[in-house]
Amino acid sequence: QVQVAESGGGLMQPGESLRLSCQVSGNIYVIYTMGWYRQAPGKERELVGVVTSVGTTNYEESLKGRFTVSRDNAKNTLYLQMNRLKPEDTAVYYCAAYVSETPHSRAQHYWGRGTQVTVSS
């Protein structure tokens, strides 16, 4: 089994910065793409940004320049650096990892339970 756990959420003021972390653990052979998604109250879950195993990134267009996704492959950890936070960034932030558990098994998507980020003055 594979576990995905986010951390680092909290209550922030507009303009502040915050870094989220996502630890992937368990029976891991290889982690392919990892990514961050978010879901605001009353809205559907949306892409924040993803990063491949070789470091290629893709972002929601409106978040480019403010949010940065990175990963530490040695630690099986994904990060989300969020700068100049806005109230509309308030959401539950979820981490997802596309993981293969053995050399012969198909990769699957694993999701964390999310971490709340609230931006309010």
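This is a predicted model: local features need pLDDT of at least 70, side-chain atom pairs count only at pLDDT 80 or more; totals for chains, interfaces and linings use all residues.
Strands here are DSSP runs of E with at least two residues, numbered from the N terminus.

View 1. From the N terminus on, its elements run β-β-β-β-β-β-β-β-β-β-β, which makes 11 strands and zero helices. The C-alpha atoms fill a box of roughly 50 × 25 × 25 Å along the principal axes. For 121 residues, a compact globule would have a radius of gyration near 14 Å, and the protein agrees because its own value is 14 Å.

View 2. Of the 121 residues, 40% count as buried. The accessible surface comes to about 6700 Å², and carbon and sulfur atoms hold 46% of it. Look also for the charges: there are 12 positive and 10 negative side chains, with the centres of the two sets 3 Å apart.

**View 3. Tyr-32 meets Tyr-98.** The protein has two aromatic pairs. In this one, the ring centres lie 6.0 Å apart and the planes make an angle of 50 degrees, a tilted pair. Tyr-32 sits in strand 4 (residues 30–39) and Tyr-98 in strand 9 (residues 91–100), so the pair ties together parts 66 residues apart in sequence. Tyr-32 is partly exposed at 36% relative accessibility, and Tyr-98 is partly exposed at 30%.

**View 4. Tyr-37 meets Trp-111.** Here the ring centres are 5.0 Å apart and the planes stand at 55 degrees, so this pair is tilted. Tyr-37 belongs to strand 4 and Trp-111 to strand 10 (residues 108–111), so parts 74 residues apart in sequence are tied together. Tyr-37 has a relative accessible area of 22% and is partly exposed; Trp-111, with 39%, is partly exposed.

Notes. Residues are numbered from 1 along each chain as its sequence is written. Side-chain values use heavy atoms; hydrogens and water are left out. Helices (H or I, at least four residues) and strands (E, at least two) are DSSP runs, numbered from the N terminus. The radius of gyration is taken over C-alpha atoms; the globule rule is 2.2 Å times the number of residues to the power 0.38. Buried means under 20% relative accessible area, exposed over 50%, partly exposed in between (1.4 Å probe, protein chains only). Accessible areas come from the Shrake-Rupley method with a 1.4 Å probe; for residues, only the protein chains shown count as cover. Lys and Arg count as positive and Asp and Glu as negative; His and the chain ends are not counted. The place of a charge is taken as NZ of Lys, CZ of Arg, CG of Asp or CD of Glu. Rings of Phe, Tyr and Trp (its six-membered ring) pair if their centres lie within 6.5 Å; planes under 30 degrees apart count as stacked, over 60 as edge-to-face and the rest as tilted.
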